[in-house]
Protein chains: 2
Amino acid sequence: MAAAPEVEALLFDVFGTVVDWRGSIERLGRDFAGRQGLPALDWAAFADAWRARYQPAMAAVREGRRPFVRLDILHRENLEAILPDFGLDRLDGAARAELTLFWHRLDPWPDSVPGMTRLKRRHILAAQSNGNIALIVDMARHGGLPWDVVLGAEVVGHYKPEPAAYLGACAALDRAPGRCLMVAAHNDDLAAAAACGLRTAFVRRPAEKAPGETADLAPSGDWDLVVDSLEKLAERLGC
Amino acid sequence: MAAAPEVEALLFDVFGTVVDWRGSIERLGRDFAGRQGLPALDWAAFADAWRARYQPAMAAVREGRRPFVRLDILHRENLEAILPDFGLDRLDGAARAELTLFWHRLDPWPDSVPGMTRLKRRHILAAQSNGNIALIVDMARHGGLPWDVVLGAEVVGHYKPEPAAYLGACAALDRAPGRCLMVAAHNDDLAAAAACGLRTAFVRRPAEKAPGETADLAPSGDWDLVVDSLEKLAERLGC
């Protein structure tokens, strides 16, 4: 990147970029099933089905069809919708609440904590996720993610990729968009950030994808940086 | 405290409780005056005059006489108001901006970082300050304060001691008020938190007070805990 020293704040997408939602939901699901004595179930497919309802649920908020609600609420609604498809519609309220909180306990990719620890020396590390505050805080304590600040949907009141989500985060940090680098494994997130004047770093996360999925395997835009891990990002930024 | 293990989150007042605003403004002012070639000036009195306008400025927001604005804005306005009293009305815009940012560079009390580091092992550490997000983030990076999350006025949209400030913070953490402990060196902050159902810890900070000032030298309510430092608080909470 031409003028990397000017970047003061790194805004991170979290699901898929910093943490392995797919593998974690699968692991947590298997453990849950064991404790509950449930029959065998394809927990990777369960994770994918749950995640598939993520963007449509936020779209209702983005398009003004419902007022802003925290992602925990959307995760719970989306869970209710898929439980019958997996033969789990008999789970009680406590079990459903426990499942919803899986998203608070996602594991970081192996390079996330070492990379972020290096990046933090010179840069503000901000979670710029659609996850709500409690979700991101619990996840950070679970995985040891060294955030300086939790921004994102609940703080700015808008879900990505609305421009207000990115611009609100930069304003909260009192940094111009050009001093902020959006770090994400998803091209649409970076495209929206770039349109707001932020710099962009694409992180390749092939393990996030379901078998056969091709979206976001490669960068589709002219991003400032393209890296394979957060440790590589630290290296590229001279940290 | 009868049931300390139930406390999950610690909400901290910051100015005076975690950082030494008075001594820091005095030190930063002396350094600033040296660089600017200003005549000798009582920077402790300057700090007190600046701080004296803090509550009245927030009152305008609390009482709905003006919409919510970040504390950086109020600090700048209050600075403009006192500059003539200290013979500093000729300072240019850049100098005034630098002075306003003094509040981003306040030093922690000596026990703050070690105490918080211990407390963080078992508890969520939340900045529940009237300071804005950028102010608290910059200050944390300056002094090494290990926050899990920055809450406070800008996140919840209300200045303490409005009930909505405390209840909004607990809601953001998805914890009941009874699972949250408000930590402050000021009785009015604790009284407002207790009225919202939070637990309370009073930290004695005699060095915060101007000579002759008696308010908040001692606890004036039946707080759950009274301690002399954040290290003592860690000890009392078994961390």
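**Close-up 1. Strands β1 and β4 of chain A run parallel and are joined by four bridges.** In this predicted model, strand β1 covers residues 9-12 and strand β4 covers residues 180-184 of chain A, where a strand is a DSSP run of E of at least two residues and a helix a run of H or I of at least four, both numbered from the N terminus. Within β4(A), V183(A) is the bridge partner of F12(A).

Residues are numbered from 1 along each chain as its sequence is written, while chains are lettered from A and ligands numbered from 1 in the order in which they are written. Because the model is predicted, local features need pLDDT of at least 70 and side-chain atom pairs count only at pLDDT 80 or more, whereas totals for chains, interfaces and linings use all residues.

**Close-up 2. Six strands of chain A form an open sheet with parallel pairing.** The order is β3-β2-β1-β4-β5-β6, and two strands count as paired if DSSP finds at least two bridges between them. β3 (149-150) and β6 (225-227) of chain A each have a single partner strand and stand at the edges, so one side of each is left without a neighbour in the sheet.

**Close-up 3. Chain A and chain B each give 14 residues to their contact.** Two residues are in contact if their C-beta atoms, placed from the backbone, lie within 7 Å. On the side of chain A that touches chain B, two or more residues come from each of α7 (133-143), β3, α8 (153-156) and α9 (163-173) of chain A, and α7(A) gives the most, with five residues.
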